[in-house]
Amino acid sequence: SPQLESGLKRSRQGIFRQIVQLFERSQIDRELFDDLEALLIQADLGVATTEALLERLQERVRRGEVRDPVEAREALREEMVALLEAAMRNRRVKIYQRGVPFVSLVVGVNGTGKTTTIAKLARYHLDQGRTVLLVAADTFRAAAIDQLKAWGERLGVPVIAHAPGADPGAVVFDGMQAAHNRGIDVLLIDTAGRLHTKSNLMAELAKIRRVIQRHVPDAPHEVLLVIDATTGQNGLNQARVFTEAAGVTDIALTKLDGTAKGGIAFAIARELGIPIAYVGTGEKPTDFAEFDPEAYVDALFF
Ligand code: GDP
(Lines give C-alpha, C1' and ligand atoms only; values in the text may rest on other atoms or scores of the structure.)
Protein backbone atom coordinates (compact mmCIF):
# COMPACT_ATOMS: atom_id res chain seq x y z
CA SER A 1 0.00 0.00 0.00
CA PRO A 2 1.23 3.53 -0.74
CA GLN A 3 0.67 4.53 2.92
CA LEU A 4 2.91 1.75 4.18
CA GLU A 5 5.53 2.43 1.57
CA SER A 6 5.80 6.10 2.46
CA GLY A 7 5.22 5.54 6.17
CA LEU A 8 8.01 3.00 6.49
CA LYS A 9 10.47 4.96 4.38
CA ARG A 10 12.69 5.91 7.31
CA SER A 11 12.83 2.33 8.56
CA ARG A 12 13.48 0.99 5.07
CA GLN A 13 16.28 3.47 4.45
CA GLY A 14 17.71 3.07 7.94
CA ILE A 15 18.23 -0.14 9.82
CA PHE A 16 16.44 -2.38 7.33
CA ARG A 17 18.72 -1.22 4.53
CA GLN A 18 21.65 -2.30 6.69
CA ILE A 19 19.93 -5.63 7.23
CA VAL A 20 19.45 -6.12 3.50
CA GLN A 21 23.12 -5.25 2.99
CA LEU A 22 24.19 -8.00 5.39
CA PHE A 23 22.90 -10.53 2.90
CA GLU A 24 25.16 -9.19 0.17
CA ARG A 25 28.01 -11.02 1.87
CA SER A 26 29.45 -14.13 0.27
CA GLN A 27 28.55 -16.67 2.93
CA ILE A 28 26.41 -17.42 5.94
CA ASP A 29 28.55 -17.53 9.04
CA ARG A 30 28.56 -16.75 12.71
CA GLU A 31 29.47 -13.13 12.05
CA LEU A 32 26.47 -12.63 9.79
CA PHE A 33 24.14 -13.94 12.47
CA ASP A 34 25.79 -11.79 15.14
CA ASP A 35 25.44 -8.66 13.01
CA LEU A 36 21.86 -9.55 12.14
CA GLU A 37 21.06 -10.02 15.81
CA ALA A 38 22.45 -6.59 16.69
CA LEU A 39 20.52 -4.87 13.89
CA LEU A 40 17.21 -6.56 14.68
CA ILE A 41 17.48 -5.52 18.31
CA GLN A 42 18.35 -2.00 17.18
CA ALA A 43 15.26 -2.04 14.96
CA ASP A 44 13.09 -2.44 18.09
CA LEU A 45 12.25 -6.13 17.73
CA GLY A 46 13.46 -6.65 21.27
CA VAL A 47 15.74 -9.42 22.49
CA ALA A 48 13.14 -12.19 22.84
CA THR A 49 11.61 -11.71 19.38
CA THR A 50 15.04 -11.36 17.77
CA GLU A 51 16.23 -14.60 19.38
CA ALA A 52 13.10 -16.43 18.25
CA LEU A 53 13.55 -15.28 14.64
CA LEU A 54 17.25 -16.16 14.58
CA GLU A 55 16.53 -19.56 16.06
CA ARG A 56 14.11 -20.35 13.21
CA LEU A 57 16.54 -19.08 10.65
CA GLN A 58 19.41 -21.15 12.06
CA GLU A 59 17.18 -24.20 12.09
CA ARG A 60 16.55 -23.76 8.38
CA VAL A 61 20.29 -23.44 7.79
CA ARG A 62 20.90 -26.66 9.77
CA ARG A 63 18.26 -28.48 7.74
CA GLY A 64 20.03 -27.42 4.57
CA GLU A 65 17.07 -25.40 3.26
CA VAL A 66 19.03 -22.18 3.44
CA ARG A 67 22.46 -22.38 1.87
CA ASP A 68 23.56 -18.87 1.01
CA PRO A 69 22.89 -15.28 2.07
CA VAL A 70 20.30 -14.71 -0.65
CA GLU A 71 18.28 -17.68 0.58
CA ALA A 72 18.80 -16.50 4.16
CA ARG A 73 17.33 -13.11 3.32
CA GLU A 74 14.26 -14.71 1.78
CA ALA A 75 13.93 -17.04 4.77
CA LEU A 76 14.10 -14.08 7.16
CA ARG A 77 11.40 -12.32 5.15
CA GLU A 78 9.17 -15.41 5.35
CA GLU A 79 9.72 -15.86 9.07
CA MET A 80 8.90 -12.19 9.71
CA VAL A 81 5.65 -12.48 7.75
CA ALA A 82 4.79 -15.71 9.60
CA LEU A 83 5.37 -14.03 12.94
CA LEU A 84 2.94 -11.22 12.11
CA GLU A 85 0.42 -13.66 10.66
CA ALA A 86 0.44 -15.75 13.84
CA ALA A 87 -0.96 -12.76 15.75
CA MET A 88 -3.42 -12.04 12.93
CA ARG A 89 -4.97 -15.44 13.50
CA ASN A 90 -6.29 -14.10 16.83
CA ARG A 91 -8.38 -11.59 14.92
CA ARG A 92 -12.07 -11.41 15.55
CA VAL A 93 -14.09 -10.97 12.39
CA LYS A 94 -15.65 -7.52 12.35
CA ILE A 95 -19.30 -7.69 11.52
CA TYR A 96 -21.06 -4.47 10.61
CA GLN A 97 -24.81 -4.67 10.50
CA ARG A 98 -27.52 -2.11 9.90
CA GLY A 99 -29.45 -1.09 12.99
CA VAL A 100 -26.94 -2.32 15.59
CA PRO A 101 -24.05 0.07 16.12
CA PHE A 102 -20.57 -1.44 15.87
CA VAL A 103 -18.98 -0.15 19.08
CA SER A 104 -15.26 0.58 19.11
CA LEU A 105 -13.60 1.51 22.38
CA VAL A 106 -10.33 3.29 21.72
CA VAL A 107 -7.76 3.14 24.53
CA GLY A 108 -4.15 4.14 25.05
CA VAL A 109 -1.81 6.53 26.79
CA ASN A 110 -2.21 10.26 26.07
CA GLY A 111 -0.08 11.50 23.22
CA THR A 112 0.09 8.19 21.39
CA GLY A 113 -2.28 9.50 18.71
CA LYS A 114 -5.60 8.27 20.03
CA THR A 115 -7.70 11.24 18.86
CA THR A 116 -6.01 11.35 15.47
CA THR A 117 -6.59 7.61 15.06
CA ILE A 118 -10.28 8.08 15.84
CA ALA A 119 -10.47 10.71 13.10
CA LYS A 120 -8.72 8.33 10.70
CA LEU A 121 -11.07 5.50 11.65
CA ALA A 122 -14.08 7.77 11.17
CA ARG A 123 -12.91 8.60 7.69
CA TYR A 124 -12.18 4.95 6.95
CA HIS A 125 -15.74 3.93 7.94
CA LEU A 126 -17.29 6.87 6.07
CA ASP A 127 -15.42 5.71 2.97
CA GLN A 128 -17.04 2.29 3.41
CA GLY A 129 -20.47 3.94 3.44
CA ARG A 130 -21.07 3.65 7.19
CA THR A 131 -22.50 6.38 9.40
CA VAL A 132 -20.27 7.32 12.32
CA LEU A 133 -20.71 8.93 15.74
CA LEU A 134 -17.84 10.05 17.97
CA VAL A 135 -18.07 9.95 21.77
CA ALA A 136 -15.78 12.11 23.90
CA ALA A 137 -15.43 9.92 26.98
CA ASP A 138 -12.00 11.30 27.84
CA THR A 139 -13.63 13.92 30.03
CA PHE A 140 -10.44 14.43 32.02
CA ARG A 141 -8.80 16.69 29.43
CA ALA A 142 -10.73 19.67 28.07
CA ALA A 143 -8.34 19.70 25.10
CA ALA A 144 -9.28 16.14 24.20
CA ILE A 145 -12.97 17.07 24.04
CA ASP A 146 -12.24 20.14 21.90
CA GLN A 147 -9.98 18.18 19.60
CA LEU A 148 -12.60 15.51 19.01
CA LYS A 149 -15.25 18.16 18.31
CA ALA A 150 -12.92 19.83 15.83
CA TRP A 151 -12.36 16.54 14.00
CA GLY A 152 -16.11 15.92 14.00
CA GLU A 153 -16.66 19.25 12.30
CA ARG A 154 -13.94 18.67 9.74
CA LEU A 155 -15.25 15.21 8.90
CA GLY A 156 -18.93 16.13 9.09
CA VAL A 157 -19.53 13.58 11.83
CA PRO A 158 -21.62 14.17 15.00
CA VAL A 159 -19.83 14.23 18.36
CA ILE A 160 -21.41 13.49 21.73
CA ALA A 161 -19.58 15.42 24.45
CA HIS A 162 -20.19 16.71 27.96
CA ALA A 163 -18.31 19.35 29.92
CA PRO A 164 -14.79 18.59 31.16
CA GLY A 165 -14.87 16.61 34.39
CA ALA A 166 -18.19 14.92 33.57
CA ASP A 167 -18.75 11.23 34.24
CA PRO A 168 -17.42 9.22 31.27
CA GLY A 169 -20.19 6.67 31.85
CA ALA A 170 -22.83 9.38 31.34
CA VAL A 171 -21.26 10.52 28.08
CA VAL A 172 -21.14 6.95 26.81
CA PHE A 173 -24.78 6.48 27.85
CA ASP A 174 -25.76 9.52 25.75
CA GLY A 175 -23.61 8.27 22.91
CA MET A 176 -25.25 4.85 22.89
CA GLN A 177 -28.71 6.40 22.97
CA ALA A 178 -27.89 8.86 20.20
CA ALA A 179 -26.46 6.03 18.09
CA HIS A 180 -29.67 4.09 18.57
CA ASN A 181 -31.97 7.05 17.84
CA ARG A 182 -30.05 8.11 14.74
CA GLY A 183 -29.42 4.59 13.41
CA ILE A 184 -25.65 5.01 13.50
CA ASP A 185 -23.50 2.17 12.13
CA VAL A 186 -20.23 2.79 13.97
CA LEU A 187 -19.61 4.36 17.36
CA LEU A 188 -16.04 5.42 18.14
CA ILE A 189 -15.44 6.09 21.83
CA ASP A 190 -12.44 8.10 22.99
CA THR A 191 -11.33 7.16 26.51
CA ALA A 192 -9.04 8.72 29.10
CA GLY A 193 -5.39 7.77 28.69
CA ARG A 194 -3.90 8.73 31.98
CA LEU A 195 -2.17 5.73 33.33
CA HIS A 196 -2.61 6.46 37.03
CA THR A 197 -2.88 2.94 38.26
CA LYS A 198 -4.02 -0.20 36.58
CA SER A 199 -6.95 -0.53 39.00
CA ASN A 200 -8.18 3.01 38.22
CA LEU A 201 -8.04 2.31 34.55
CA MET A 202 -9.80 -1.01 34.97
CA ALA A 203 -12.57 0.51 37.07
CA GLU A 204 -13.24 3.28 34.58
CA LEU A 205 -13.24 0.97 31.58
CA ALA A 206 -15.41 -1.58 33.37
CA LYS A 207 -18.00 1.11 34.03
CA ILE A 208 -17.97 2.24 30.39
CA ARG A 209 -18.32 -1.39 29.33
CA ARG A 210 -21.38 -1.86 31.54
CA VAL A 211 -23.06 1.21 30.07
CA ILE A 212 -22.34 0.01 26.53
CA GLN A 213 -23.67 -3.48 27.26
CA ARG A 214 -26.90 -2.14 28.66
CA HIS A 215 -27.63 -1.05 25.07
CA VAL A 216 -25.77 -3.68 23.05
CA PRO A 217 -25.02 -6.83 25.08
CA ASP A 218 -22.20 -8.20 22.89
CA ALA A 219 -20.41 -4.84 22.60
CA PRO A 220 -17.78 -3.41 22.54
CA HIS A 221 -17.04 -5.19 19.27
CA GLU A 222 -13.52 -3.84 19.21
CA VAL A 223 -11.19 -2.57 21.93
CA LEU A 224 -8.49 -0.81 20.00
CA LEU A 225 -5.22 -0.04 21.76
CA VAL A 226 -3.23 2.81 20.21
CA ILE A 227 0.55 2.36 20.42
CA ASP A 228 3.06 5.01 19.35
CA ALA A 229 5.77 3.28 17.28
CA THR A 230 8.33 5.91 18.24
CA THR A 231 8.22 4.87 21.91
CA GLY A 232 9.64 1.43 21.14
CA GLN A 233 9.96 -1.10 23.93
CA ASN A 234 8.52 1.43 26.39
CA GLY A 235 5.31 1.50 24.37
CA LEU A 236 5.24 -2.26 24.61
CA ASN A 237 5.31 -2.08 28.40
CA GLN A 238 2.41 0.41 28.44
CA ALA A 239 0.60 -1.93 26.11
CA ARG A 240 0.93 -4.79 28.58
CA VAL A 241 -0.87 -2.76 31.25
CA PHE A 242 -3.71 -1.95 28.87
CA THR A 243 -4.08 -5.48 27.58
CA GLU A 244 -4.43 -6.69 31.15
CA ALA A 245 -6.85 -3.92 32.11
CA ALA A 246 -8.94 -3.42 29.00
CA GLY A 247 -9.36 -6.72 27.12
CA VAL A 248 -7.71 -5.31 24.02
CA THR A 249 -8.78 -6.99 20.75
CA ASP A 250 -6.78 -4.98 18.21
CA ILE A 251 -3.87 -2.60 17.96
CA ALA A 252 -3.41 0.59 15.99
CA LEU A 253 0.29 1.31 15.53
CA THR A 254 0.80 5.05 15.00
CA LYS A 255 3.61 7.38 13.90
CA LEU A 256 5.39 4.78 11.80
CA ASP A 257 6.53 7.67 9.65
CA GLY A 258 8.39 9.11 12.63
CA THR A 259 10.57 6.14 13.40
CA ALA A 260 13.40 4.27 11.71
CA LYS A 261 12.58 1.28 13.89
CA GLY A 262 9.55 -0.34 12.31
CA GLY A 263 10.55 -3.58 14.02
CA ILE A 264 8.29 -2.80 16.98
CA ALA A 265 5.39 -4.40 15.06
CA PHE A 266 7.08 -7.81 15.39
CA ALA A 267 7.63 -7.43 19.13
CA ILE A 268 3.97 -6.45 19.55
CA ALA A 269 2.75 -9.40 17.50
CA ARG A 270 4.91 -11.95 19.26
CA GLU A 271 4.90 -10.66 22.82
CA LEU A 272 1.28 -9.54 23.03
CA GLY A 273 -0.22 -11.94 20.50
CA ILE A 274 -2.74 -9.25 19.61
CA PRO A 275 -3.34 -8.49 15.95
CA ILE A 276 -2.32 -5.12 14.58
CA ALA A 277 -5.41 -3.96 12.71
CA TYR A 278 -4.37 -0.49 11.54
CA VAL A 279 -1.28 1.61 11.08
CA GLY A 280 -0.89 5.39 11.22
CA THR A 281 1.66 6.87 8.85
CA GLY A 282 1.22 10.63 9.28
CA GLU A 283 -0.96 13.36 10.75
CA LYS A 284 -3.66 13.51 8.06
CA PRO A 285 -6.81 11.33 8.15
CA THR A 286 -5.67 9.63 4.96
CA ASP A 287 -2.30 8.63 6.48
CA PHE A 288 -3.81 5.36 7.59
CA ALA A 289 -4.00 1.79 6.36
CA GLU A 290 -5.35 -1.58 7.32
CA PHE A 291 -2.47 -3.73 8.45
CA ASP A 292 -1.23 -6.42 6.12
CA PRO A 293 1.74 -8.60 7.21
CA GLU A 294 3.13 -9.21 3.73
CA ALA A 295 2.82 -5.57 2.67
CA TYR A 296 4.41 -4.47 5.94
CA VAL A 297 7.46 -6.70 5.56
CA ASP A 298 7.84 -5.82 1.89
CA ALA A 299 7.75 -2.12 2.74
CA LEU A 300 10.61 -2.68 5.19
CA PHE A 301 12.79 -4.73 2.89
CA PHE A 302 12.51 -3.19 -0.57
P1 GDP B 1 -3.79 11.61 21.92
O2 GDP B 1 -3.35 12.47 23.06
O3 GDP B 1 -3.41 10.19 22.13
O4 GDP B 1 -5.22 11.77 21.57
O5 GDP B 1 -2.89 12.05 20.68
P6 GDP B 1 -3.25 12.96 19.43
O7 GDP B 1 -4.17 12.27 18.50
O8 GDP B 1 -3.61 14.31 19.88
O9 GDP B 1 -1.82 12.97 18.71
C10 GDP B 1 -0.65 13.49 19.33
C11 GDP B 1 0.25 14.07 18.24
O12 GDP B 1 0.70 13.03 17.39
C13 GDP B 1 -0.46 15.05 17.33
O14 GDP B 1 0.42 16.11 17.02
C15 GDP B 1 -0.77 14.23 16.07
O16 GDP B 1 -0.85 15.02 14.91
C17 GDP B 1 0.41 13.31 16.03
N18 GDP B 1 0.13 12.05 15.34
C19 GDP B 1 -0.87 11.16 15.55
N20 GDP B 1 -0.76 10.10 14.73
C21 GDP B 1 0.35 10.32 13.96
C22 GDP B 1 1.02 9.57 12.90
O23 GDP B 1 0.63 8.46 12.49
N24 GDP B 1 2.14 10.16 12.38
C25 GDP B 1 2.62 11.36 12.82
N26 GDP B 1 3.74 11.83 12.25
N27 GDP B 1 2.03 12.07 13.79
C28 GDP B 1 0.91 11.57 14.35
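**Salt bridges and beyond**

Modeller: Happy to. Counting side-chain nitrogens of Lys or Arg within 4 Å of a carboxyl oxygen of Asp or Glu, the count comes to 24 salt bridges. Keep in mind that this is a predicted model.

Colleague: Which residue does Asp34 meet in a salt bridge?

Modeller: The partner is Arg30, at 3.4 Å from N to O. Both residues belong to helix 4, which covers residues 30-42, and they are four residues apart, about one turn of the helix.

Colleague: Is Arg30 buried or exposed?

Modeller: Arg30 is exposed, since its relative accessible area is 65% and the cut-off for exposed is over 50%. Asp34 has 33% relative accessibility, so this residue counts as partly exposed.

Colleague: And what about Asp190 and Lys114, how do their side chains meet?

Modeller: They form a salt bridge as well, with 3.6 Å between N and O. Asp190 sits in strand 4 (residues 186-191) and Lys114 in helix 7 (residues 114-127), so this pair ties together parts that are 76 residues apart in sequence.

Colleague: Are Asp190 and Lys114 buried or exposed?

Modeller: Both Asp190 and Lys114 are buried.

Colleague: Staying with helix 7, where do Arg123 and Asp127 lie relative to each other?

Modeller: They are four residues apart in helix 7, about one turn of the helix. Arg123 is partly exposed because its relative accessibility is 31%, whereas Asp127 counts as exposed because its value is 54%.

Colleague: Which residues do salt bridges with shared partners join into one network?

Modeller: That network consists of Glu55, Arg56, Glu59, Arg60, Arg62, Arg63, Glu65, Glu78 and Glu79.

Colleague: Nice. On to the ligand: how many residues surround it?

Modeller: There are 17 residues around the ligand, and the closest are Gly111, Thr115, Thr116, Asp257 and Glu283. Helix 7 supplies the largest share of that shell, with four residues.

Colleague: Where does the ligand sit?

Modeller: In the largest pocket.

Colleague: What polar atom of Gln147 lies 2.9 Å from an oxygen atom of the ligand?

Modeller: That one is a side-chain atom of Gln147. The backbone takes part too: an N or O atom of the Gly113 backbone is 3.0 Å from a ligand oxygen, and a polar backbone atom of Thr112 is 3.3 Å from an oxygen of the ligand. On its own the ligand exposes 580 Å², of which the protein buries 80%.

Colleague: Where is Asp287 found?

Modeller: Look in the loop between strand 7 (276-280) and strand 8 (288-290). Asp287 is buried, with a relative accessible area of 14%. From Asp287 to Val172 the C-alpha separation is 28 Å, and they are 115 residues apart in sequence.

Colleague: Let's finish with the backbone. What kind of peptide bond joins Ala219 and Pro220?

Modeller: A cis one, with omega at about -5°. Pro220 is in the loop between helix 10 (198-215) and strand 5 (222-228).

Colleague: And what is the phi of Asp44?

Modeller: Phi is near 85° there, a positive value in a residue other than glycine. Asp44 belongs to the loop between helix 4 and helix 5 (46-62), and at 10% relative accessibility Asp44 counts as buried.

Colleague: What about Lys255, where is that found?

Modeller: Lys255 is in the loop between strand 6 (250-254) and helix 12 (264-272). Although Lys255 is not a glycine, its phi is positive, at about 60°. Lys255 counts as partly exposed, at 31% relative accessibility.

Colleague: Great, thanks for the tour!

Methods:
Residues are numbered from 1 along each chain as its sequence is written. This is a predicted model: local features need pLDDT of at least 70, side-chain atom pairs count only at pLDDT 80 or more; totals for chains, interfaces and linings use all residues. Side-chain values use heavy atoms; hydrogens and water are left out. Helices (H or I, at least four residues) and strands (E, at least two) are DSSP runs, numbered from the N terminus. Buried means under 20% relative accessible area, exposed over 50%, partly exposed in between (1.4 Å probe, protein chains only). A residue is near a molecule or strand if one of its heavy atoms lies within 4 Å of it. A polar contact is a pair of N or O atoms within 3.5 Å; within protein, one must be able to donate a hydrogen and the other to accept it, and residues adjacent in sequence count only if both atoms are side-chain atoms. Accessible areas come from the Shrake-Rupley method with a 1.4 Å probe; for residues, only the protein chains shown count as cover. On a 1 Å grid over the protein atoms alone, a cavity is a set of points where a 1.4 Å probe fits but cannot get out, and a pocket is an open set with protein on both sides within 12 Å along at least five of seven lines; lining residues have an atom within 4 Å of a point. A molecule sits in a cavity or pocket if more than half of its atoms lie within 2 Å of its grid points.
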